[in-house]
There are 2 protein chains.
Amino acid sequence: MYRSHNCGELNASHINTEVTLAGWVQKSRDKGFMNWVDLRDRYGITQLIFDESRTEKTVFELAKTLGREFVIQVKGTVIERESKNTTIPTGEIEILVSEMTILNAALTPPFTIEDETDGGEDIRMKYRYLDIRRNPVKNSLLFRHKVAMEVRKYLSDLDFCEVETPYLIKSTPEGARDFVVPSRMNEGQFYALPQSPQTFKQLLMVGGMDKYFQIVKCFRDEDLRADRQPEFTQIDCEMAFVEQEDILNVFEGLTRHLLKEIKGVEVAKFPRITYDYAMKTYGNDKPDIRFGMEFGELNAVAQHKDFPVFNTAELVVGIAVPGAGNYTRKEIDALIDWVKRPQIGASGMVYVKCNDDGTYKSSVDKFYDQDDLAHWAKATQAQPGDMIFVLSGPANKTRGQLSALRMELATRLGLRKPDEFAPLWVVDFPLLEFDEESGRYHAMHHPFTSPKPEDINLLATEPGKVRANAYDMVLNGNEIGGGSIRIHDKATQELMFKYLGFTPEEAKAQFGFLMDAFQFGAPPHGGLAFGLDRLVAILGGQETIRDFIAFPKNNSGRDVMIDAPSTIDDAQLKELHIQLNIQA
Amino acid sequence: MYRSHNCGELNASHINTEVTLAGWVQKSRDKGFMNWVDLRDRYGITQLIFDESRTEKTVFELAKTLGREFVIQVKGTVIERESKNTTIPTGEIEILVSEMTILNAALTPPFTIEDETDGGEDIRMKYRYLDIRRNPVKNSLLFRHKVAMEVRKYLSDLDFCEVETPYLIKSTPEGARDFVVPSRMNEGQFYALPQSPQTFKQLLMVGGMDKYFQIVKCFRDEDLRADRQPEFTQIDCEMAFVEQEDILNVFEGLTRHLLKEIKGVEVAKFPRITYDYAMKTYGNDKPDIRFGMEFGELNAVAQHKDFPVFNTAELVVGIAVPGAGNYTRKEIDALIDWVKRPQIGASGMVYVKCNDDGTYKSSVDKFYDQDDLAHWAKATQAQPGDMIFVLSGPANKTRGQLSALRMELATRLGLRKPDEFAPLWVVDFPLLEFDEESGRYHAMHHPFTSPKPEDINLLATEPGKVRANAYDMVLNGNEIGGGSIRIHDKATQELMFKYLGFTPEEAKAQFGFLMDAFQFGAPPHGGLAFGLDRLVAILGGQETIRDFIAFPKNNSGRDVMIDAPSTIDDAQLKELHIQLNIQA
């Protein structure tokens, strides 16, 4: 061992102890006759002192050659510091060094290894191993491990069994976003990397495993939006002989446990709202409920006057922004411009100032009187001092626009507090959603989701109205988990495939093994999956997942550190029975 | 919830309780007026009773329709059994059923769901979800989970941090056995699936993570020998600021912990032997030391007479087989035939019976006298009643042959006891091994392994003699883990690549990121990886890994259950910028 202690554990109780430390030179301060070096490792920083009058000359001189990030080993005595540093655990002591070995020199790092670094995203990714030395990244990775361990312990204690499912599986045309792997031994054939272990966990239920979980990498070859990764990690879970209620209880318990153990936050029973309620009230199926600004629908109180914009709209809907009644005309105009940006797409926005004296001042005063505006205030729960913003247009689109505004204003007003946690369940998701592009219905969750029994008869006539036993867990405006009760009989599964546009032959070719399995005694079952990257980031109080992933890829799916993907040999291509097909 | 209790927990203390159970019909015994059904779930079996005089007629009749593996839910009362079964925890009670629902019917399974099944390997793999219902497979998966949890707890408690490394990495021509993944977004380029997270864990050490582990899938596209899988799981570990001794101590501690916690077996400090010693003494670098039969080299005592076979041999070597002195001529001839099989390849075998009276009877009595044979007995530690078998020929080949014989005889003699555990370390592996085919040296462990400092000067002159700081943990004749102290400076790494036949350009193109990293302050580091599949199987007392993997692939790398790999669409190929290249 290169050390007797690490750099985070020595304190006044160790004074006069002989110790050996090893680590990186964080910085040094050379006062000529005295030289201090901060020695850093994963556990902390310990101050070393080299003193012309007390340190042997060769060691003293060697210390002057140390650059940032040199790796050194020192022996010395723990002594009391003259000027103590109360901000770090080792701040009462320093090491009077008697021997030193430079274990490895270091080039000057391309960015500073400090909590606030001068390095941009690109350079930090290229030298990710240096970035990981910085506390914000290092602590994020340690935090992720802690969360994963707590998840495993909690679920194991509840008799869940972690089962590893295969990574080399079968491609399904349904999910065109498979990464595939050419098989050398099976000419012309390909494995796919799993987008999730969905069918395998269902087969484990058919196999009687009863309670399954797995923290598992999944893969999706999508055009990467910001903060998406081609490989991501799920906490994947499934249970047999359960109803939706059982699953909600178990995983609410898990999340509550994590919040308590990891964050010290006690959370009451999670609210449950339906998908329809979420869309009407927040314009969003993953509402952030750390703050209000719930939607007030104004059709009844805004379509009775001569304002054609509202009168022709499918939906008139507003939110009351707390304490924003004093926004200036300039601020309001900026917000109107904000909602009119193409990314949001509103054609305009009406505002109503709720004055402290109970009167109203709006941008549509020539159409609406104080009494009308009072109704609007009531519908949006506006208080004196608030500002009501109103959008109108096609219902779904308008809800989306107002939801974006709501989130933007909450951010600006500091209402999205990273240390506050407001989880909830959104339930009763639609089974199917209509895809304009392909002109047909797709499974909203996935094709194995069970329709609510009472809605099955709507499948043939109004498929869009069929609700599923599907649920999402939402935390602070993010979907952190989602799942469903599954179909567990062949007939219903065949029906689903039919409504999803599969021919019987296609269904059999792709999922025949699952439907076969359903015939050999499949129990009722259901489950859910959490996105671990996102969950960890939110628990860590961060908006982006990248620092919680050791070696993330950039938005082109590249690992810029190792420079992957890359070309491969012709010989290897040949062995895999493929050749390149590059468009000139 | 479909049940109030599971099928393994009810006992006499529950008598008169109303319960609801759900599970699979294991079997039923219909006596006409009375019908017993064994209901099974993951946790056990509970006996149900349907009694013409006490059960409602519809329920009683329905029970007669139940087939094997039907999934049912029953309500009823726990009552005392008339004839108790003391072999199962629920054997004192049965459930007098009052209500029953068939949750799912089942076709007759293609093999019996019993501990000893009538199903062959192929059919069990095709219906793996049914195979998993059988105790031997189910319990193996539960056992695997238990081992993995213990590993994680032990290492976490020692401050190891589990870090997920990427699965989509870079292909290295060195390891031609990469599975590759065509990139859609990066035309003509490929990711590779990791054969191990080796370079990433080293970069984590450069990044100051200090102690890393990960239970992680790895991939190798090899022609599959029996009991190998294209995807397999490693317990991958790395530590910074350590020497070999530290690593051996930590992971010996882990293994000792597992043996104690999982198997209740206390093991003393692991023996350590060198690679050279292992090869000389057992003909094998992963010796099974649960039994003796150590090699006795006989050159000095067998090459002084007129027996040309021995006199011209590089090595004459024997083992004493305990208690085998009474083997018949027929048995001996069968063993001689066994070692002459092409898989073993010996050209013949000499035997010496050690009679109880201290005399010897050998197949070479016309060349050697009793005194000679006494020397042989001494060299092989033979006792009266033993049989000495002697092989001769080129040293390495002959050792391999004798090792095979040693293992075969141990198996026949019942010396490889599954409940006995004899771990050891094999250390001082050679750094390089000569590959006859390519006519050059390859890294025996991998190119990042550190040569022993005292042997570095041999690299240029006698590369085959350079020893590495590399070690294997061996358990019951299996290598269950292996690792090394790594190179952590650019100059030595460049030297290694040179000796391994890389041009500087090739080294930079493939591993430039690692050598760059070494320049920014890399600490001394090392680690090891355990093969989890094998470790779990051995701890579970099994020789084969397949039952410890939920969904294994067959020897052609196929998953016969889901029928993967499979063909993919032309459109998908096109999107991935590849086309098939099938040999007519």
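**Reading the pairing of chains A and B**

Mentor: Let us begin with a strand pair that crosses from one chain to the other: strand S23 (residues 578-580) of chain A and strand S23 (residues 578-580) of chain B run antiparallel and are joined by three bridges. Within this pair, A:Ile578 stands opposite B:Leu580. Please keep in mind that this is a predicted model.

Trainee: How many residues does the contact take from chain B and from chain A, and what is the area buried between them?

Mentor: The contact takes 130 residues from chain B and 130 residues from chain A. The area buried between the two chains is about 11,500 Å², with carbon and sulfur atoms giving 59% of that area. On the side of chain B, the residues that lose the most area to chain A are B:Glu164, B:Phe241 and B:Phe520, which together account for 7% of what that side buries.

Trainee: How many salt bridges and how many residue pairs in polar contact are found between chain B and chain A?

Mentor: A salt bridge is counted when a side-chain nitrogen of Lys or Arg lies within 4 Å of a carboxyl oxygen of Asp or Glu. By that rule there are 12 salt bridges across the interface of chain B and chain A, including the one in which the side chains of B:Arg152 and A:Glu162 meet at 3.7 Å, N to O. The count of residue pairs in polar contact between the two chains, both residues being at pLDDT 80 or more, is 70. Helix H4 (residues 135-157) of chain B gives the most to the side of chain B that touches chain A, contributing nine residues, and the residues of that side divide into 69 nonpolar, 27 polar and 34 charged.

Trainee: Within chain A, in what order do the five strands of the open sheet come, and which strands stand at the edges?

Mentor: The order in chain A is S12-S13-S16-S14-S15, and the pairing is antiparallel. Strand S12 (296-297) and strand S15 (360-362) of chain A stand at the edges; each has a single partner strand, so one side of each is left without a neighbour in the sheet. Inside the sheet, strand S13 (residues 315-321) and strand S16 (residues 387-393) of chain A pair in the antiparallel sense over seven bridges, and the bridge partner of A:Gly318 in S16(A) is A:Val390.

Trainee: Which strands do helix H11 and helix H12 of chain A lie across?

Mentor: Helix H11 (residues 370-379) of chain A lies across S12, strand S14 (350-354), S15 and S16 of chain A, and runs at about 95° to S15(A). Helix H12 (residues 395-412) of chain A lies across S12, S13 and S16 of chain A, running at about 10° to S13(A).

Trainee: What form do S1(A) and S2(A) make, and how many residues stand between them?

Mentor: They form a hairpin with three residues between them, and in the turn A:Gly32 has a positive phi of about 85°. S1(A) and strand S2 (residues 34-41) of chain A pair in the antiparallel sense over six bridges, with A:Arg29 standing opposite A:Trp36. Strand S1 (residues 18-30) of chain A is also joined by seven bridges to strand S4 (residues 71-80) of chain A, again antiparallel, and there A:Val19 stands opposite A:Gly76.

Trainee: What separates A:Lys57 and A:Glu61 in helix H1 of chain A?

Mentor: They are separated by about one helical turn, because they are four residues apart in helix H1 (residues 57-63) of chain A.

Definitions and conventions
Residues numbered from 1 in each chain as written. Chains lettered and ligands numbered in written order. Heavy atoms only, no water. Contact = heavy atoms within 4.5 Å. Buried area = accessible area lost by both parts, 1.4 Å probe. Polar contact = N/O pair within 3.5 Å; in protein donor to acceptor, adjacent residues only side chain to side chain. Helix = DSSP H or I, 4+ residues; strand = E, 2+ residues; numbered from the N terminus. Nonpolar A, V, L, I, M, F, W, Y, C, P; charged D, E, K, R; others polar. Pairing = 2+ DSSP bridges. Axes fitted to C-alpha atoms, helices over the stretch in contact; angles between N-to-C directions.
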